[in-house]
Each structure stands twice: as structure tokens, then as C-alpha cells.
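The following report considers how the parts of a protein chain are arranged and packed against one another. Please keep the sequence and the model in view while reading.

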Amino acid sequence: MNKATLQLSPPNEPRTFGFYLDGAYVAAGDRELATRNSPGHGVPVTKTVKCTGDDVDAAVASARAAFEDRRWSGLGGAERAAVLLKTAEILRERAEEVAYWETLENGKPISQARAEVAGCVGMFEYASGLARSLHGDSFNNLGDGMFGIVTREPVGVVGVITPWNFPFLILCERVPYILASGNTMVAKPSEVTSVTTLMLAEIMTQAGLPDGVFNVVTGSGRSVGQALIDHMDVDMLSFTGSTAIGRAVVEAAGKSNFKKLGLELGGKNPQIVFADADLEDAADGVAFGIGFNTGQCCVSGSRLIVERSVADRFSQMVADKFAKVVVGDPLDEATQVGAITTDTQNDTIMGYIAKGQDEGARLVHGGEQLDFGRGQYIAPTLFADVTRDMAIAREEIFGPVLAVMPFDTVDEAIEIANDTEYGLAASVWTKNIDKALQVSRRVRAGRFWVNTTLSGGPELPIGGMKQSGWGREAGVYGVEEYTQVKSVHIEIGKRDPWIA
Ligand code: TXE
């Protein structure tokens, strides 16, 4: 499908997908199917399989067999790199198709989905280099009788559980890095946004990935996800989602085989704006930081911490930006903010907006559901007079709702920023280098932006401090997470005997 011929409307009939095992689709057979309605249009667009516990076992067994016979880990880095590069090439060719289905299931604007797929191509290209450059260490300082080497090995079978907010991007921030070092995988996408994960499996088979290296099981978190986190034969699990389920993942690992974990969880990320910032630039950045992906990002900048002397003026500047943001049909090229991904999430966000008003915050902009005749949409919303104890200042809303809190000193700004159980991301807006550095050093967050927000790419790692998670994804750090080190001691010449 190319851009010119793309029919930018939902399909007439929902498309049915099997799940992916051993390099091929498996049809539903007598398993149940889940139907997904497009959140932007309210019509059915896809049907996916509700996999069973046996299907999870089969997928793990397939990944295990592929790992043990070394069909992937036994290849040289150059050969693995070739498959990752070919994946990037095919993904570039099929980008429009992937973006279309991503938009249909998730509700994000098509222009944004296209940009995300382009970013994913970059992830595969970058990780291909890591497949060739990944290496260990050596110790040549152990005396004439001993040589020490440290090797990096793949962890084994890796499970990946992803959420619905960035179904394809979050997947591609993990998969190429996991595969670069020779692991094999089972992915479990969110039950509401599964099909682009299946498409990636198809693309990788096309690119020459050996069968069984990448398997996909679809279905609910409660059954399929739980079976994966409980599984005794999964060596490592990367989970991205809510902090509550993250806790369940840690418990399951403790109760099963102590599988190694990577966790990327919730956030309540501060945007700190000083009076000396380029306020026009900052207002645009702050509006983007909470409006992008309808605020359904783990790294959305949902708390605006702004110097008191400019607080009212700056809040109004952000509200003016909100008024100009184009909210609407995700398949419309001009749309900047699309639909809310699930009914439940829509209710959650509207619930927080009501709670903010009940708790005494002042609604400056938005706060209402937008009616386009179909789908579910919420206007970008700004609350002033927010205090630190209010739910809208403390809890992850996961929607386009910004809570404004003023500060007087640098110390106070840092204290408010750190007054959260989370530590995923933070931004500071100032033209003063001292303030920028002080704040970036002292705010506890895994990602930090100065005079920008939500930037990223394959080079820099992603992940959180505090209750936002464990470990890092992407970059060199990301690939290393999916390896384990082995130390090897090599005797040179004859050993000193133990028994005389
Ligand atoms: O997340 P879940 P949900 C937050 C956000 C949102 C809330 C609920 O606040 O409102 O979570 O979203 C799988 N064992 N975030 O319900 O349940 C599930 O199928 C194993 C923030 O969608 O955490 C899906 O694939 N897996 C977050 C994935 O976990 C289980 C992104 C995430 O679902 C499971 C998403 C179980 N018992 C939601 N239960 C962020 N900050 O990025 C569910 N899953």
C-alpha cells in the first residue's frame, strides 16, 4: 500500500489475524476471537485470537527450541545485523500499512503513526550495529599464570508485554535490542492493539529471521499475560504498563523462576518553567508535552511547575495553544490530537477532570468531551490553582490534563518536581545554564530534557527511577540489559598443585 492509493477511512469489514508461532500465522480454529473497534470511528476494524494457556506454552517452547539449538545465537553478529537491517528495509516499504493499522486500533493521528514507524526503522538500523559491536572485557593483569575474560551472553527466552499507547514504538524500542545479542522471544501485545506486533513478526520472517525466534501470543493480560509472567521457562521479561501490574510482575517472578525483569511503568512528569525561559517556545513545548498522543504517554509532562511571577500569563499562553490544537479524526492528515484509546481510559480521564473540580482546582481550558459524531475525544485540559495533595497533581491520569503549580525558588521547583512516587521523565525550560544544570542533576528521573520535551531516538536509553521501573531500554544500555556476563578464568601453563 502506498500513500497515494491509501484509502484513509476505516475498512468495510474487520480484518482477522491469527497469532504467530514458529515463523507462521496460526488461525484461530475453535479459539474465541476479540473484536477491536477503532476508537476514532467506533466501528470494528480487527479481530484477534484469544490465545489459551497451551498457546503460551507452545510459543515459549518454540522460542526455547530456537534458543537451545543456537539457530540465532550461534550466528555471527554480522549475520544477525543483516536480518535486522533487512527488517528495517521491509518496514520502510510497509510503513504506510503499519501506520494505518496502528492508527485504527490506537486512535493516534496518522501523521504521528507514520513518524513513529520511521523512528522504529531507525531502532532496527541502530541495533544492527550493536549486534556486531557487542563485546565483553578481558583482564591481562592477573599475573603470568592467569588470563581472565568476561563474555556477554544472551539471557535466553525473553517475554515482552506491551501496552496500548505506543503499540509499535514501544515494541521496537525493545525487539531489535533483544535480538541483537541472540535472545529468542515471545511478545504479548495489549489486547486492544495487537495487530502491528503481528505485522512485525511477519516482516521479520520475510527478512530472514529463523522460525521460532520471534513468536506472538494475543489475548488478555489476565490470562495470556499472566501465563507468560508465571512461566518457568521464560528467562527474562520486559513489561511496560501500569505500576499496579508491574507489581504483579515482580510477585510472579518471585513466585516462579526469579526471571530477570525490565519494567517501564507510570509517570507523573514535571515540566519546570522559569520566568527567564523563552516563554513562547516553552508554552508550545508544554502543550505538546501533554497534548501529544492525547497525554497517553508514560513520559507525558502532566505537571506544569512554573515560576510564580509568570504563572498566570504562562498558563494562559498554554491555554491559547490548546485552543489552536487540531483535535479530530485520526485518519485525517491535519489532525494533531486523536481519539482516547479505550472506553475505560476515557472514563478514567473524565473522572479525574471531575475530581479536579471537586477538589477545588480552577478549570482554565477544556474539561469536556468533544463530539465528532463518532469515536471518543477529550479537549486538552488545563487546571490552575492545583495543590500538591490533589489527585490530579499526584496520580497518573494518562490523558490530556495539565495541572499547574507555581514556585518561588529553584529549591522549591526541585522539591515539587520530586514530590511524586514516580521518576520517569522531566523537563526544564530556562535560558540560565546554572539553573538548567542544577535542576537536571537534582530531579530524579530517568530521562531529562532541557528546553525541549519528549525527544528521543535509538541512541539514548529509556527508563525510570523510583516506582517508574527497573532497567533501561534502547541504546548500548538497552542491548546490555538483555545479556548476562560470564567470567572465564584461564590458567596459563601448569597449576600450583593443591596436594603435595
Ligand atoms: O494497563 P495494564 P492498562 C497506566 C495508565 C492506564 C492504566 C491502565 O494510567 O490508565 O495503566 O491501562 C498486560 N499479567 N498505563 O489497563 O493493565 C496487558 O494485557 C501480565 C501506563 O492497559 O498495565 C497489556 O499488554 N500482563 C503505562 C499490558 O499488561 C498483564 C502504559 C499493560 O496493561 C496483566 C499503559 C497480568 N496480570 C498503561 N494484566 C505507561 N506509563 O506507559 C494486564 N497485563
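In this predicted model, the centres of domain 1 and domain 2, taken over C-alpha atoms, are separated by 31 Å. Domain 1 comprises 15-265 + 468-486 and domain 2 comprises 270-450, with bounds that come from an automatic or database domain assignment. The contact between them (heavy atoms within 4.5 Å) takes 27 residues from domain 1 and 28 residues from domain 2. Residues are numbered from 1 along each chain as its sequence is written, and side-chain values use heavy atoms, with hydrogens and water left out. Because the model is predicted, local features need pLDDT of at least 70 and side-chain atom pairs count only at pLDDT 80 or more, whereas totals for chains, interfaces and linings use all residues.

The two domains bury about 2,200 Å² between them, 56% of it on carbon and sulfur atoms; buried area is the accessible area (1.4 Å probe) that two parts lose on being put together, summed over both. On the side of domain 1, His41, Trp164 and Ser468 lose the most area to domain 2, together 27% of what that side buries.

Two nonpolar cores can be set side by side; such a core is a set of buried Ala, Val, Leu, Ile, Met, Phe, Trp, Tyr and Cys residues joined through side-chain atoms within 4.5 Å, where buried means under 20% relative accessible area, exposed over 50% and partly exposed in between (1.4 Å probe, protein chains only).

| Core | Size | Residues, among them |
|---|---|---|
| Largest nonpolar core | 67 residues | Leu91, Phe124, Phe168, Val175 |
| Second, separate core | 31 residues | Ile272, Ile378, Phe407, Ala426 |

The largest nonpolar core receives residues from both domain 1 and domain 2, so it lies between them. Leucine 91 touches Val98, Val117, Cys120, Val121, Phe124, Phe168 and Ile203, not counting residues up to four places away in sequence.

Helix 12 (residues 343-358) has 16 residues and reaches 22 Å from its first C-alpha to its last, close to the 22 Å expected at 1.5 Å a residue, the expected span being 1.5 Å times one less than the number of residues. Helices (H or I, at least four residues) and strands (E, at least two) are DSSP runs, numbered from the N terminus. In helix 12, Gln345, Asn346, Ile349, Tyr352, Ile353 and Gly356 are buried, and seen down the helix axis the buried residues fall within an arc of 125 degrees, so they line one face; the arc is that of the directions from the axis to the C-beta atoms. On the other side of helix 12, Asp343, Thr344, Asp347 and Asp358 are exposed.
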